[in-house]
Amino acid sequence: MLSQNAKGWTPLACAIESGGTQVFKLILELYHHLENRAPASKVLSKALAMRDSSGLGETPLIKAIRKDRYDMFDLLLQINKEKILKYDEVLCATDNLGRNILHYAVMKQASSIVKKIIILDADYRNLRTAKDSKSKTAQLLDDSNLYKDVFETVWDAAKAGNVERLKQLIKVNEDDNK
């Protein structure tokens with residue numbers, strides 16, 4: 001299940017590339033089942049951390065976002081409800097340009113995905129502070145400031161003790177949920 005084809009793609013990467021959501025879902029469920037049977041194997045995390053051997057060196061998550069396959073990203077989040085994916089190995093993985101999933105979500109202007117990734121990164125800030133090969137963070141790639149209020153989380157404002165900013169962020173989040 002961790003084998004790669006001539007392009008270095010795992011079965012997950014092949015499903016993303018071909019756009020086969022049902023195949024992708026079946027492969028995810030198979031990996032998840034295998035990992036539940038043998039938790040030490042970490043087969044799902046390993047498959048999601050594998051970079052292809054193309055010039056891009058993409059992980060399946062990066063490929064899904066780059067190819068606008070947000071449905072596949074959401075499927076991964078659903079499977080990760082049990083927190084089986086390793087944050088550093090899977091979510092913080094980068095391609096050959098040093099870009100992670102947040103860099104690509106910002107460049108694609110995928111608002112709902114950016115917000116989900118920021119929430120996943122709230123405790124660690126690794127995705128938000130990671131610099132690509134040109135020393136750009138995802139926030140620096142946000143040329144039009146679409147995510148100005150998203151990059152700072154409620155948690156960040158609370159830790160800084162900034163009560164006014166905390167109120168603003170809570171209001172923004174309430175407005176988004178209406």
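User: Which way is the crossing where H2 passes H5, left-handed or right-handed?
Analyst: Right-handed for H2 passing H5. The rule is that a crossing is left-handed if the near helix is turned anticlockwise from the far one by less than a right angle, and right-handed if clockwise. This is a predicted model, by the way: local features need pLDDT of at least 70, side-chain atom pairs count only at pLDDT 80 or more, and totals for chains, interfaces and linings use all residues. Residues are numbered from 1 along each chain as its sequence is written, and side-chain values use heavy atoms, with hydrogens and water left out.

User: OK, and at what angle do H2 and H5 pack?
Analyst: About 20 degrees, with the axes of H2 and H5 (residues 70–79) 11 Å apart. H2 and H5 are therefore roughly parallel to each other. For angles, under 35 degrees counts as roughly parallel, over 145 as roughly antiparallel, 65 to 115 as roughly perpendicular and the rest as oblique. The axes are lines fitted to C-alpha atoms, for helices over the stretch in contact, and the angles run from 0 to 180 degrees between N-to-C directions. Helices are DSSP runs of H or I with at least four residues, numbered from the N terminus.

User: Which residues of H2 meet H5?
Analyst: Thr21, Phe24, Lys25, Leu28, Glu29 and His32 from H2, and on the H5 side they meet Asp71, Met72, Leu75, Leu76 and Ile79. Contact here means heavy atoms within 4.5 Å. By class, that contact of H2 with H5 has six nonpolar, two polar and three charged residues. Ala, Val, Leu, Ile, Met, Phe, Trp, Tyr, Cys and Pro count as nonpolar, Asp, Glu, Lys and Arg as charged, and the others, Gly among them, as polar.

User: What about H1 against H2, what's the angle there?
Analyst: H1 (residues 11–18) packs on H2 (residues 21–37) at about 160 degrees, with their axes 9 Å apart. That pair is therefore roughly antiparallel, and the crossing of H1 and H2 is left-handed.

User: And which side chains meet between H1 and H2?
Analyst: On H1 you have Pro11, Leu12, Ala15 and Ile16, meeting Val23, Phe24, Ile27, Leu28 and Tyr31 on H2. The contact of H1 with H2 has nine nonpolar, no polar and no charged residues.

User: Switching topic: how many disulfides?
Analyst: Zero, in a search of the whole structure. The test is a pair of cysteine sulfur atoms within 2.5 Å. As for the cysteines you might look at, Cys14 is partly exposed at 28% relative accessible area, while Cys92 is buried at 18%. Buried means under 20% relative accessible area, exposed over 50%, and partly exposed in between, using a 1.4 Å probe and protein chains only.

User: Is Thr59 buried or exposed?
Analyst: Buried, at 1% relative accessibility. Thr59 sits in the loop between H3 (43–49) and H4 (60–66). Leaving out residues up to four places away in sequence, Thr59 touches Leu48, Ala49, Met50, Arg51 and Ala93.

User: Last one: where is Ser18?
Analyst: In H1, and exposed at 61% relative accessibility. Ser18 and Ala138 are 120 residues apart in sequence and 27 Å apart in space, C-alpha to C-alpha.

Notes
Helices (H or I, at least four residues) and strands (E, at least two) are DSSP runs, numbered from the N terminus.
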